[in-house]
Amino acid sequence: MSDHTLVRPWRHIERRTSRKIRVGAVEVGGDAPISVQSMTNTPTTDARATIDQIRQLEEAGADIVRVSCPDEESTAAFRTIAKAAKVPLVADIHFHYRRGIEAAEAGAACLRINPGNIGSPDRVREVVQAAKDNGCSMRIGVNAGSLEKELLEKYGEPCPDAMVESALNHARILQDHDFHEFKISVKASDPFLTVAAYQQLAEVIDCPLHLGVTEAGPLRTGTIKSSIGLGMLLWSGIGDTIRVSLAADPVEEIKVGFDILKSLGLRHRGVNIIACPSCARQGFNVIETVGILEERLAHVSTPLSLSIIGCVVNGPGEALYTDIGFTGGGKGSGMIYLNGKIAHKQANDGMIDHIVELVERKAAEFEAAQAAAE
């Protein structure tokens, strides 16, 4: 399988060395692939609706899904939800230590907590013991918007030093209880603060880091903000699992997360479409064609590259590095490329159906080859 992000020295990303933990069957940290997460936004007490949303996230490629457990009714429903889920679930816990214990016993693969707001040392000890007894890992989640009062008084405002100090204080609580199966996040809605905090934290602890620009905003602006923040960190080798936080359908978070990783050559899932913005030289309607292809190829999870270019200025060059390519020409037809080589002419009429057929056939070939090699 060819790869448009074929590794060159100037494309190499040296990932930060971190220890490896497990979130259920998913490895996080070390040499494990960077996992992509999202979070349900249905009422957890509505088990059917939550399971349906988890299924959508699984189909989109989610490796891990987080579910909020704010009350006893939610943790009761969580048991049913966890049994139905095909991916490991993280129980989101705040303030109520009993919810952490209940979620661990109900099948959570990981508990997302702030040890500092769970309560007394005895209560923290009980949650840690429940995690140990049930094979749960933990995520220490530090947010700029909910820093401890004493740290805000010390530093005057949310800043990288304050966020890192909070994270290390929480990590120390778990380590003091001989618990080391944890990852940390230090999120802010400000990409500058987010990046600086993660860069500083990466220098002083070896646990896996969960990346995210929290409360990034609606789909378009949130995607841009997340791409800037996460992209800077991932490019520098920082990050073991990511969540793109969007005020949108959670499925969009998974799509954006994979697109960020695909752009950096860190994960490959589905069809990566390379397309020109189009201009007066285009031999067909590029924008409309790409929009239709994106929808019709959404079901393909096999990593493939497809170039859709309107004319011969850049089309043949892009097609050299993609599995399948179409370059617009004149007189109502263009050229199909397979594995970087000219294959045949194709009329614009029927082009979309033909490209979909080629992609599905190529995906089936790759899947068959992979199965034979296993």
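Helices, at least four residues long, and strands, at least two, are DSSP runs numbered from the N terminus. Keep those labels in mind for the tour. The model on screen is predicted.

**Stop 1: histidine 177**

Select histidine 177. Where is it found? Look in the loop between helix H6 (160-176) and E8. Is histidine 177 buried or exposed? Its relative accessibility is 18%. Buried means under 20%, so histidine 177 counts as buried. Now show its neighbours. Leave out residues up to four places away in sequence, and histidine 177 touches Pro121, Val124, Arg125, Val128 and Lys132.

**Stop 2: the eight-stranded sheet**

Move on to E8 and the sheet around it. Eight strands form this open sheet, and their pairing is parallel. Trace the order: E8-E7-E6-E5-E4-E3-E10-E9.

**Stop 3: strand E7**

Select residues 137-143, which make up strand E7. Which strands flank E7 in the sheet order? They are E8 and E6. E7 and E8 run parallel, joined by six bridges. On the other pairing, strand E6 (residues 110-113) meets E7 in the parallel sense over four bridges.

Zoom in on isoleucine 140. In E8, the residue opposite isoleucine 140 is isoleucine 184. Isoleucine 113 also stands opposite isoleucine 140.

In E7, Ser137, Arg139, Gly141 and Asn143 point one way. Met138, Ile140 and Val142 point the other way. How many residues of E7 are buried? Seven of the seven are, so E7 is largely enclosed by the rest of the structure.

**Stop 4: helices H7 and H8**

Select residues 191-202 for helix H7 and residues 219-235 for helix H8. Their axes are 9 Å apart, and the two pack at an angle of about 20 degrees. Angles under 35 degrees count as roughly parallel, so H7 is roughly parallel to H8. The crossing of the two helices is right-handed.

Which residues make the contact? From H7, show Pro191, Val195, Tyr198 and Gln199. From H8, show Lys225, Gly229, Met232 and Leu233. Sorted by class, the H7 and H8 contact holds five nonpolar, two polar and one charged residues.

**Stop 5: the five-stranded sheet**

Go to the open sheet of five strands. Its order is E11-E12-E13-E14-E15, and the pairing is mixed. The edge strands are E11 (271-275) and E15 (341-347), each pairing on one side only. From one strand to the next, the twist averages 20 degrees.

Pick out strand E12 (residues 304-309) and strand E13 (residues 324-328). They pair in the parallel sense over four bridges. Select leucine 306, whose bridge partner in E13 is isoleucine 324.

**Stop 6: glycine 330**

Finish at glycine 330, in the loop between E13 and strand E14 (333-338). Glycine 330 and phenylalanine 284 are 46 residues apart in sequence. In space, C-alpha to C-alpha, they are 9.0 Å apart.

Note on methods
Residues numbered from 1 in each chain as written. Predicted model: local features only at pLDDT ≥ 70, side-chain atom pairs only at ≥ 80, totals over all residues. Heavy atoms only, no water. Axes fitted to C-alpha atoms, helices over the stretch in contact; angles between N-to-C directions. Parallel < 35°, antiparallel > 145°, perpendicular 65-115°, else oblique. Left-handed = near helix turned anticlockwise from the far one by under 90°. Contact = heavy atoms within 4.5 Å. Nonpolar A, V, L, I, M, F, W, Y, C, P; charged D, E, K, R; others polar. Pairing = 2+ DSSP bridges. Buried < 20%, exposed > 50% of the residue type's maximum accessible area, 1.4 Å probe, protein only.
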